[in-house]
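Keep the picture open and follow along.

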Amino acid sequence: MLHFHILTLFPEMVMQGLNTSILGRAVKNGHIFIEAVNIRDYTLDKHGKVDDYPYGGGAGMLMQAQPVFDAYQSIVDRVGRERASRVIYLTPQGKTFCQEMAQEMAGESDLIFLCGHYEGIDERVLEEIVTDEVSIGDYVLTGGELPAMVMADAIARLVPGVLHNGESSQTESFEDGLLEYPQYSRPEIWHEKRVPEILLSGDHAKVDAWRREQALLRTKERRPDLYEKYRERQF
Ligand code: 9D3
């Protein structure tokens with residue numbers, strides 16, 4: 001049972017996205033727990049304000065330390081500091097998320113995601129609570145919510161029981177370091193294109209060898225970086 005706690009100003013967005021499809025089923029079946037904690041609920045400002053101007057000037061607003069810290073503390077008060085030991089700040093300046101990080105995080109009992117907005121968050125609260133800074137890639141989004149959802153999806157599917165038969169998390173792209181081979185279903189001919197003859201042969205050894213070859217060819221063509229890594233691992 002992995003618990004995701006997401007600190008955000010947009011809790012509905014996060015819950016809508018994550019309680020759907022396969023993750024929704026995983027929550028129902030008790031394999032994972034997901035909660036969005038609204039940072040705004042913890043502000044002491046009577047108008048509900050959670051941001052202010054940056055000292056030293058500059059464009060935009062910063063999320064203040066107090067509401068972020070108190071929202072975080074409310075999670076710790078419920079689950080304990082030991083369990084809630086991992087706090088992941090979603091930021092364009094973080095280390096790029098990858099399958100290896102997903103594997104490692106899937107072994108935790110609790111993960112706290114902190115989603116930034118405005119021009120960022122007061123550095124002092126980040127120093128006190130954040131253990132990991134993660135980006136999902138080099139493109140500019142409007143906030144950390146979609147990255148937190150992307151990470152939760154990638155991590156949750158690795159939790160035992162979340163995927164059923166036929167949704168296997170093994171033998172897939174990235175897990176053996178290769179892209180997937182092309183696949184075909186009925187009919188045998190569609191728009192004058194035939195299914196590769198070997199797949200109709202019933203010779204499983206030949207089919208396996210063909211798929212392996214296709215996976216290698218594809219990886220070499222489309223992801224030369226992955227192909228090089230794969231070849232290095234073979235020696
Ligand atoms: C206007 C501020 N920007 C100056 C270049 C910095 C900036 C801060 C925060 C730009 C975008 C964002 C919002 N994005 C995220 O919070 C974010 C993110 C992303 O934009 N891309 C990839 N991964 C991530 S993780 C969090």
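Let's start at Asp110, which is buried, with a relative accessible area of 0% (buried means under 20% relative accessible area, exposed over 50%, and partly exposed in between, using a 1.4 Å probe and protein chains only). This is a predicted model, where local features need pLDDT of at least 70 and side-chain atom pairs count only at pLDDT 80 or more, while totals for chains, interfaces and linings use all residues. Residues are numbered from 1 along each chain as its sequence is written, and side-chain values use heavy atoms, with hydrogens and water left out.

**Around Asp110**

- Asp110 sits in strand β6, residues 110-115 (helices are DSSP runs of H or I with at least four residues, strands are runs of E with at least two, and both are numbered from the N terminus).
- Its side chain makes a polar contact with the side chain of Arg83, at 2.7 Å. A polar contact here is a pair of N or O atoms within 3.5 Å; within protein, one must be able to donate a hydrogen and the other to accept it, and residues adjacent in sequence count only if both atoms are side-chain atoms.
- The side chains of Asp110 and Ser109 are also joined by a polar contact, this one of 3.2 Å.
- Setting aside neighbours within four places in sequence, Asp110 is in contact with Leu2, His3, His5, Val79, Arg83, Ala84 and Arg86 (contact means heavy atoms within 4.5 Å).

**The ligand and its shell**

- How many residues surround the ligand? There are 15, and the closest are Glu119, Ile136, Gly137, Tyr139 and Leu141.
- The ligand has 580 Å² of accessible area on its own, and the protein covers 69% of that (areas come from the Shrake-Rupley method with a 1.4 Å probe; for residues, only the protein chains shown count as cover).
- Which elements give two or more residues to the shell? They are β5 (87-96) and β7 (132-135), and β5 gives the most, with three residues.
- By class, the shell has eight nonpolar, six polar and one charged residues. Ala, Val, Leu, Ile, Met, Phe, Trp, Tyr, Cys and Pro count as nonpolar, Asp, Glu, Lys and Arg as charged, and the others, Gly among them, as polar.

- The chain is divided into domain 1 (2-156) and domain 2 (171-234), with bounds from an automatic or database domain assignment.
- Taken over C-alpha atoms, the centres of domain 1 and domain 2 are 38 Å apart.
- Tyr72, in helix α3 (residues 65-79), counts as buried at 4% relative accessibility.
- Not counting residues up to four places away in sequence, Tyr72 touches Leu7, Arg81, Val87, Ile112 and Ile129.
- Tyr72 and Gln234 are 162 residues apart along the chain, and 45 Å separates their C-alpha atoms.

**Loops and glycines**

- Gly57 is in the loop between β3 (51-52) and β4 (62-63), and at 46% relative accessibility Gly57 counts as partly exposed.
- Gly30 is in the loop between α2 (21-28) and β2 (32-38). Gly30 is partly exposed too, with a relative accessible area of 36%.

- The peptide bond from Arg186 to Pro187 is cis, with omega near 5°; Pro187 is in the loop between α6 (145-156) and β8 (189-190).
- His191 has a positive phi of about 50° although it isn't a glycine. His191 lies in the loop between β8 and β9 (193-194) and counts as exposed at 61% relative accessibility.
- Glu192, in the loop between β8 and β9, also isn't a glycine and has a positive phi, near 65°. At 79% relative accessibility, Glu192 counts as exposed.

Conventions. A residue is near a molecule or strand if one of its heavy atoms lies within 4 Å of it.
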